[in-house]
Amino acid sequence: MRRHLYVGATLLALLGALQLWSTVLEKQAAVEAATPTAPRFEVDPLWPKPLPNHWILGQTIGVSVDGQDHIWIIHRQGSLEPGEQHATTNPPIAMCCAPAPPVLQFDQQGNLIGHWGGKGQGYDWPESNHGITVDYKGNVWIGGNGRGQPPGARGQAGRGRGQAALDESQTAGVQGYFNDSMVLKFTQSGSFLMQIGKPGQSKGSNDIENLRLPAKTFIDKATNEVYVADGYGNHRVIVYDADTGKYKRHWGAYGNKPEDVNLGPYDPKAPPAQQFRNPVHCAELTVDRLLYVCDRANDRIQVFRPDGTFVKETFINRETLGSGSAWDIAFSKDPQQKYLYLTDGENDRVHIIERESLELLTTFGEGGRQPGEFYGVHSIATDSKGNIYTTETYRGQRVQKFVYRGLGPVTKKDQGVLWPKGK
């Protein structure tokens, strides 16, 4: 009898333990199911490799990845300080340094494999380069946000970080004059193909022939249309045929007709502005045909259908003043593009956002000049492997690579510097 009682008690204890363990596992599974996941990254501190010919970068204000996973950047030669160009004087003051050509092409290993750019016959090179996009055909598009000087004018004024919501150009020029009223299209070897707009000819946000300090382009493979975030002088998205340059449509915030009224300083406590502030800094189309637009100084992303119909919006770090928090967008490389990556050059961060809900999941980066830190993180792109590339304006003057390390649970809202963990 005692033996049977002992065996029965043991079985009851085991059943109780199993039930308790099952409950624990269920609770753990529920917690894990409720914990969001996000892509994980580590900075590659050795990418890219050093440039040849004593070349260095100025403000690096565009990055794109082509169909061969080559990485393209564009920078501003004119933003370098005199002391950074001592190899270019006659006679040379010192061995270092010289501006690299404006457009640079790297392979996956960080080797420089192509370079070109600058003034040439048949087109108007921008006073201040801004943005680069390699389209689905392999063509290279650039814009510009240089005010420049009207014919006969002299002098120029510098601009730097903290110029609220205007630009990071070193050629502020004459107030009211906008030289860079165009976007340019080239082959990958730098041969000129097309120009939309003419310097100094912009008539405002409803001028369909000219742009006004355009920030960035996106080319839609399905319709062969180029979307322009236009930009630093205008307050709109405008669409053209990518082969002929023929005008298609344009719109402002919420799909409204754009206006060029001065909205005054951004106030995070005020009702949302019904127009874009300068700059309209990016326009990126997703696989499910939604256009995400960076309204930088308003600290927001607005989402549209390709015809300009407003869908939704979100605010990121809404208390951010100065140059704003919504700088540039790239998408994760899964088929649904589940995640959105947003550069925030005022707070020196990259935000990872769940694209459909626009929920901010986590953030990485920190202000500074070491690998994985940022100063004026400006543009962002992803390659086919899911790696991220960022460029930095102001005195950041570089491109960085962040290696994709798969998905993982979000354990920190602010991850800080993503230094390699090693093996």
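A residue is called buried here at under 20% relative accessible area, exposed at over 50% and partly exposed in between, using a 1.4 Å probe and protein chains only. Strands are DSSP runs of E with at least two residues, numbered from the N terminus. The model is a predicted one, so local features need pLDDT of at least 70 and side-chain atom pairs count only at pLDDT 80 or more, while totals for chains, interfaces and linings use all residues. Residues are numbered from 1 along each chain as its sequence is written, and side-chain values use heavy atoms, leaving out hydrogens and water.

Take β25 to begin with. This strand covers residues 388-392, and five of its five residues are buried. Ile388, Thr390 and Glu392 point one way from β25, with Tyr389 and Thr391 pointing the other way. As a rule, side chains in a regular strand alternate between the two faces of the sheet.

β25 also has partners, where pairing means that DSSP finds at least two bridges between two strands. With β24 (residues 377-382), β25 pairs in the antiparallel sense over five bridges, and Ile380 sits opposite Thr390. Five residues lie between the strands of this hairpin, and Gly386 takes a positive phi near 95°. β25 pairs with β26 (residues 398-409) as well, again antiparallel and over five bridges; here Glu392 faces Arg398. The hairpin of β25 and β26 has five residues between its strands, and Tyr394 in the turn shows a positive phi of about 50°.

Elsewhere, four strands make up an open antiparallel sheet, running in the order β12-β13-β14-β15. Its edges are β12 (214-220) and β15 (247-251), each of which pairs on one side only. On average, neighbouring strands are turned by 20° against each other, direction ignored (axes are lines fitted to C-alpha atoms, and angles run from 0 to 180 degrees between N-to-C directions). Within the sheet, β13 (residues 225-230) and β14 (residues 236-241) share six antiparallel bridges, and Ala229 has Val237 of β14 as its bridge partner.

Then there is Asp135, found in the loop between β8 (129-134) and β9 (140-144). Asp135 is buried yet has no salt bridge, and Lys185, the nearest side chain of opposite charge, is 5.1 Å away. A salt bridge would need a side-chain nitrogen of Lys or Arg within 4 Å of a carboxyl oxygen of Asp or Glu. What the Asp135 side chain does reach is the backbone nitrogen of Lys137, at 2.9 Å. Leaving aside residues up to four places away in sequence, Asp135 touches Trp141 and Ile219, with contact meaning heavy atoms within 4.5 Å.

How values were computed
Lys, Arg positive; Asp, Glu negative; His and termini not counted. Polar contact = N/O pair within 3.5 Å; in protein donor to acceptor, adjacent residues only side chain to side chain.
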